[in-house]
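Let's take a walk through this protein together, one stop at a time. Keep the picture open beside you and find each residue as we get to it.

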Amino acid sequence: MAISIKESISIGLKDILTRKIRSVVTIIGIILGVMSIIVVLAIVGGMNTATLAWMQERGGLNKIEVEKNWAGDRRDWNLAYFTLNEIRYLRAQLPEAKAVNPTISLNWQSIRQGDIVYTADAFGVMPDLLDVEEWSVSQGRFLNDLDINHNNNVVVLGSKLATELFAEQNPIGQY
């Protein structure tokens, strides 16, 4: 013989009212459980958003970084960069790549303009840097293939370094 829904609800409410402490503890447990799930989902959602934003800043999923193997002999660490011939070979092997930007970095370099000395990181890059990093040049021009092919001494300054070294002067064409 089955119990009707009305009778079942009535029995349940009577049980809740007779066992008040157990009922309150159960309700608190349910509320805390649901809240903890919502908090975890919010944290995971925030991490996903932050991770996707970080990846997008660095070119998204369309950007790959390739480095030489650093596990080799420490005496070869000064050779841990790609030569221009290796870069040209990599470009030839990857015709699908829209841009290739090898980078050599030198940390804490002294940069001089007259009597002013400024310490900054220096990077050797290729013209594709603007496409890879989605940057633009506010004044002057960026490196081009002629600069690379003719080994021209060209420097592109960041806005902070240009201000520090040249103050109100126009840095374009200066040494």
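Predicted model: local features only at pLDDT ≥ 70, side-chain atom pairs only at ≥ 80, totals over all residues.

Asp147 sits in helix H5, which covers residues 145-149. Leaving out residues up to four places away in sequence, Asp147 touches Arg141, Phe142, Asn152 and Val154.

One of those neighbors deserves a second look. Side chains of opposite charge can pair when their charged atoms come close. Here, the side chains of Asp147 and Arg141 meet in a salt bridge, with 2.7 Å from N to O.

How many salt bridges turn up in a search of the whole structure? The search finds four. Another of them links Asp128 and Arg91, with an N to O distance of 3.2 Å. Asp128 lies in the loop between strand S2 (116-124) and helix H4 (129-133), and Arg91 lies in helix H3 (residues 84-93), so this pair ties together parts that are 37 residues apart in sequence. Asp128 counts as buried at 17% relative accessibility, whereas Arg91, at 28%, counts as partly exposed.

Now move over to helices H1 and H2. H1 spans residues 5-18, and it packs against H2 at an angle of about 100°, with the two axes 5 Å apart. That angle makes H1 roughly perpendicular to H2, because 65 to 115 degrees is the range for that label. On the H1 side, the contact is made by Asp15, Ile16, Leu17 and Thr18; on the H2 side, by Lys20, Arg22 and Ser23.

Two of those contact residues also pair up: Arg22 forms a salt bridge with Asp15, and their closest N and O atoms are 3.0 Å apart. Arg22 is partly exposed at 47% relative accessibility, and Asp15 is partly exposed too, with 27%. Salt bridges with shared partners join Asp15, Arg19 and Arg22 into one network.

Last stop: follow H2, which runs over residues 20-57, until you reach Met35. Is Met35 buried or partly exposed? With a relative accessibility of 47%, Met35 counts as partly exposed. Met35 belongs to a nonpolar patch on the surface, together with Val24, Ile27, Ile28, Ile31 and Leu32. Between them, these residues have about 560 Å² of accessible area.

How values were computed: Residues numbered from 1 in each chain as written. Heavy atoms only, no water. Helix = DSSP H or I, 4+ residues; strand = E, 2+ residues; numbered from the N terminus. Contact = heavy atoms within 4.5 Å. Patch = residues over 30% accessible without salt bridge, like charges linked within 9 Å, V, L, I, M, F, W, Y side chains within 5 Å. Areas by Shrake-Rupley, 256 points an atom, 1.4 Å probe, with all protein chains shown as cover. Buried < 20%, exposed > 50% of the residue type's maximum accessible area, 1.4 Å probe, protein only. Axes fitted to C-alpha atoms, helices over the stretch in contact; angles between N-to-C directions. Parallel < 35°, antiparallel > 145°, perpendicular 65-115°, else oblique.
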